[in-house]
Amino acid sequence: MDGGRWLCEPIRPDVADLWRLDEVRYEGKTPYQRVLIARTRLGVTLFCDDNPQSAECGQLAFHEAELVPAMLLAERVRRVLVIGCGEGTVCQIAAEAGAEHVDHVDIDPDCVWACARHLPYGYDEDQVRAAERGEGPIRLHYADGGQFVLDALRSGTRYDVVVLDLPEEQDGSETGHNALYGTQFLACCRDLLTPGGVVATHVSRPYLSLPTADSVGSFVRPWRRFAEVFGTRVYFRSDEQPWGTIMLGRADTVADPVRRMIDRLPALRYRPATIDAPMLTSATHLPAVLRGG
């Protein structure tokens with residue numbers, strides 16, 4: 001190991017990754033988390049509480065995986081809710097795809113502004129100001145995502161697509177965002193959908209989430225939860241982004257959801273750079289651990 005600065009990313013109690021930081025662009029502690037933006041081998045990279053959230057190399061593949069399959073599965077894409085994604089990329093894709101109203105909810109304004117000032121992708125500073133004022137299709141709300149969903153349910157607000165771009169679920173942790181992966185919250189998001197609407201959430205990296213003697217694995221758990229909550233569920237794994245494992249849920253039953261996604265791709269206003277019809281076929285093929293249960 002050279003004498004430069006290294007970041008230790010905790011993955012499990014027995015596993016960690018090391019990241020060499022070639023240049024630190026921003027480092028600070030907000031009321032919610034530690035935020036670090038640094039140049040790594042993957043380009044400029046965002047870390048929150050020592051966990052990578054996105055990187056210049058591969059961030060588009062990750063953010064397209066979060067939203068594009070959901071837009072293809074949904075009946076329409078007029079109203080979109082994005083919880084998390086302080087970088088703003090998912091919201092920008094939704095607006096480019098023709099969404100008339102995009103509610104972006106992030107609890108941490110300091111992180112959003114750090115991303116706008118120091119990341120070469122996502123919002124710039126003018127776009128954050130416009131979204132804060134509600135100018136254009138994107139409206140930025142600094143709020144707790146769980147409470148925002150409950151308030152929207154009470155007010156009768158509904159969405160065609162809901163994207164949950166959150167820090168990974170932590171096994172054995174009481175951290176607050178874990179509740180946003182649970183069955184109860186997923187059911188609230190389902191009830192927030194218009195007819196034919198879709199919920200999308202990313203899950204832990206499969207190669208680090210294998211079942212052990214005392215666990216079904218954090219990869220299997222969300223798949224089972226989606227079966228409890230949704231009539232249709234789809235697995236999507238980006239072949240360009242190892243973090244891009246997404247699960248999609250739609251309340252009603254769709255006979256052949258992947259065929260629907262492929263058929264609708266040519267008409268999508270947004271032209272994805274990392275997703276095409278052959279990729280949709282391969283990326284939605286269930287791994288054996290999920291086919292078996």
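This is a predicted model: local features need pLDDT of at least 70, side-chain atom pairs count only at pLDDT 80 or more; totals for chains, interfaces and linings use all residues.

Colleague: How are helix 6 and helix 7 placed relative to each other, parallel, antiparallel, perpendicular or oblique?

Modeller: Helices and strands here are DSSP runs numbered from the N terminus (H or I with at least four residues for helices, E with at least two for strands). Axes are lines fitted to C-alpha atoms, for helices over the stretch in contact, and angles run from 0 to 180 degrees between N-to-C directions. Helix 6 (residues 183–191) and helix 7 (residues 220–229) have axes 10 Å apart and pack at an angle of about 45 degrees. Since angles under 35 degrees count as roughly parallel, over 145 as roughly antiparallel, 65 to 115 as roughly perpendicular and the rest as oblique, the two helices are oblique.

Colleague: Which residues of helix 7 take part in the contact with helix 6?

Modeller: Contact means heavy atoms within 4.5 Å. On the side of helix 6 the contact is made by T183, L186, A187 and R190, and on the side of helix 7 by R225, F226, E228 and V229.

Colleague: At what angle do the axes of helix 3 and helix 4 cross?

Modeller: Helix 3 (residues 109–118) supplies V112, W113, A116 and R117, which meet E125, V128, R129 and E132 in helix 4 (residues 125–133). The axes of helix 3 and helix 4 come within 8 Å, and they cross at roughly 145 degrees.

Colleague: How many residues apart are E125 and R129, whose side chains meet in a salt bridge?

Modeller: A salt bridge is a side-chain nitrogen of Lys or Arg within 4 Å of a carboxyl oxygen of Asp or Glu, and the side chains of E125 and R129 meet in one at 3.6 Å, N to O. Both residues lie in helix 4, separated by about one turn of the helix, which is 4 residues.

Colleague: Which strands hold E23 and R39?

Modeller: E23 forms a salt bridge with R39, with 3.6 Å between the closest N and O atoms. The pair ties together parts that are 16 residues apart in sequence, because E23 lies in strand 3 (residues 23–29) and R39 in strand 4 (residues 34–40).

Colleague: Is R250 buried or exposed?

Modeller: R250 belongs to a network of salt bridges that links it with E75, D252 and R260, and its side chain meets that of D252 at 2.7 Å, N to O. Buried means under 20% relative accessible area, exposed over 50% and partly exposed in between, with a 1.4 Å probe and protein chains only. D252 is partly exposed at 33%, whereas R250, with a relative accessible area of 4%, is buried.

Colleague: What is the relative accessible area of C85, a residue with a positive phi?

Modeller: C85 lies in the loop between strand 7 (79–84) and helix 2 (89–96), and its phi is near 55 degrees, a positive value in a residue other than glycine. C85 counts as buried, because its relative accessible area is 3%.

Technical notes
Residues are numbered from 1 along each chain as its sequence is written. Side-chain values use heavy atoms; hydrogens and water are left out.
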